[in-house]
Amino acid sequence: MVSARTIPVQLKDHKYDIVVQPGLYADAGQHLRKLTSAKKCVLISEHNIPPQPALQESLAKAGFTVGLGSIAGGEENKTIETVSRCYELLLRGGNIERSTPILALGGGVIGDTVGFVAATILRGVPLVQIPTTLLAMVDASVGGKTGVNHPDGKNLIGAFHQPIAVLIDPTVLKTLPPRELRSGLAECIKHDIIRDANGFADLEMKITRALNLDLDYLTDLIAHNVAIKAKVVESDPFEKGDRAHLNFGHTFGHAIENVSQYAYAHGECVALGMVAAARLAASLNMLDQTSVDRIVALVKQTGLPTSGLNLPLDQLMHAMLFDKKVKSGKVRFILPDRIGHVVIRDDIPENLVRQALESLA
């Protein structure tokens with residue numbers, strides 16, 4: 001049996017553990033009981049998530065009365081209206097108190113939406129993230145960002161609300177559609193580009209093991225990525241500095257998501273965004289062509305898109321101006337100067353940004 005990996009997140013005023021372990025659902029109640037004396041918890045899952053009897057049995061065995069609810073997944077449902085429905089579920093169901101933990105079971109949309117509900121209902125209740133997609137495991141569930149979309153852009157409404165625990169069971173990835181698995185691997189590539197050149201080289205050699213759902217490797221890969229993100233979050237919990245590095249590929253990617261009306265999966269947008277950002281960095285003489293080629297090759301090997309984008313260029317440029325990462329009216333780009341290191345730039349000529357987008361066609 002693969003042993004558990006525990007990654008501590010130590011913020012100035014809040015500490016919690018991220019536990020990665022195959023079969024973890026059977027121990028979830030035990031983990032949660034160590035963190036709270038509450039008699040009730042509420043488990044909110046995605047509509048299409050299969051029942052997780054081991055998880056519910058574990059919570060009941062630990063003495064919790066488990067309230068259940070579900071909401072629709074998908075970016076189109078990541079809205080204030082969905083948040084309002086969650087409020088009704090929780091408040092009309094009764095018995096929710098400020099000590100009542102809310103458990104978010106699902107992908108990144110569920111984690112973000114339910115996390116925002118937990119951040120705002122009763123002015124904040126405990127949150128436990130239980131991600132079921134690779135993307136949510138290595139990215140969305142870690143760091144305390146919660147929120148929903150607005151017609152003008154992605155994640156424009158939200159709050160920072162750190163969980164009391166993140167419980168990750170990689171065995172659920174066995175039922176994950178291949179497109180969703182690849183989407184999560186985009187964030188793994190991102191983490192290594194911004195922080196770990198050796199990790200990137202290792203991923204180049206072992207990406208097939210991830211695509212083949214090698215559980216031992218996936219457990220290590222998830223723990224590796226969670227550790228990278230946890231360190232970044234610890235140093236900058238409210239994204240006032242280096243945490244912005246985690247947005248590598250996302251300035252382009254969020255524009256693609258918004259203009260395509262989420263026809264592309266999030267990881268596919270990040271993949272295209274990373275390719276565009278790498279090429280933009282090369283056009284600025286920041287990044288050597290060999291590194292650009294390695295990034296593009298790994299994205300391709302993962303089965304993610306590196307070309308074929310057919311969206312109006314002016315709309316993409318406009319969407320970037322309304323991204324939440326814009327500061328003082330300037331679009332900020334996270335660009336690599338080598339694999340394993342990135343810098344923030346807000347002085348990029350518009351024609352070079354357009355060229356980078358055009359290269360994705």
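Predicted model: local features only at pLDDT ≥ 70, side-chain atom pairs only at ≥ 80, totals over all residues.
Buried means under 20% relative accessible area.

**Entry 1: positive phi**

Leu213 has phi near 60°, a positive value in a residue other than glycine. I found Leu213 in the loop between α7 (197–211) and α8 (215–235). Is Leu213 buried or exposed? Its relative accessibility is 19%, so Leu213 counts as buried.

Next I checked Tyr262, which is not a glycine either and has a positive phi of about 65°. Tyr262 is in the loop between α9 (250–259) and α10. With a relative accessible area of 23%, Tyr262 is partly exposed.

**Entry 2: α6 and α8**

Then I turned to helix packing, starting with α6 (residues 178–195) against α8. Their axes come within 10 Å and cross at roughly 50°. The two helices are therefore oblique to each other. I noted the crossing of α6 past α8 as left-handed.

Which residues make the contact? On α6 I listed Leu185, Glu187, Cys188, His191, Asp192 and Arg195. On α8 I listed Leu221, His224, Asn225, Ile228, Lys229 and Val232. Sorted by class, the contact of α6 with α8 holds five nonpolar, three polar and four charged residues.

**Entry 3: α12 and α13**

From α12, the contact uses Leu313, Asp314, Leu316, Met317 and Met320. From α13 come Glu350, Val353, Arg354, Leu357 and Glu358. I get six nonpolar and four charged residues in the contact of α12 with α13, and no polar ones.

**Entry 4: nonpolar cores**

Last, I looked up the cores. The largest nonpolar core has 99 residues, and Ile18, Ile222, Phe252 and Phe333 touch the most other members. Which helix gives this core its largest share? I found it to be α10 (residues 266–283), with twelve residues.

Setting aside neighbours within four places in sequence, I have Ile18 in contact with Arg5, Thr6, Ile7, Val9, Val142, Val166, Ile168 and Val226. Another core, of 18 residues, lies apart from the largest one. Among its members I noted Ala104, Val114, Phe116 and Leu127.

Notes:
Residues numbered from 1 in each chain as written. Heavy atoms only, no water. Contact = heavy atoms within 4.5 Å. Helix = DSSP H or I, 4+ residues; strand = E, 2+ residues; numbered from the N terminus. Nonpolar A, V, L, I, M, F, W, Y, C, P; charged D, E, K, R; others polar. Core = buried A, V, L, I, M, F, W, Y, C linked by side-chain atoms within 4.5 Å. Buried < 20%, exposed > 50% of the residue type's maximum accessible area, 1.4 Å probe, protein only. Axes fitted to C-alpha atoms, helices over the stretch in contact; angles between N-to-C directions. Parallel < 35°, antiparallel > 145°, perpendicular 65-115°, else oblique. Left-handed = near helix turned anticlockwise from the far one by under 90°.
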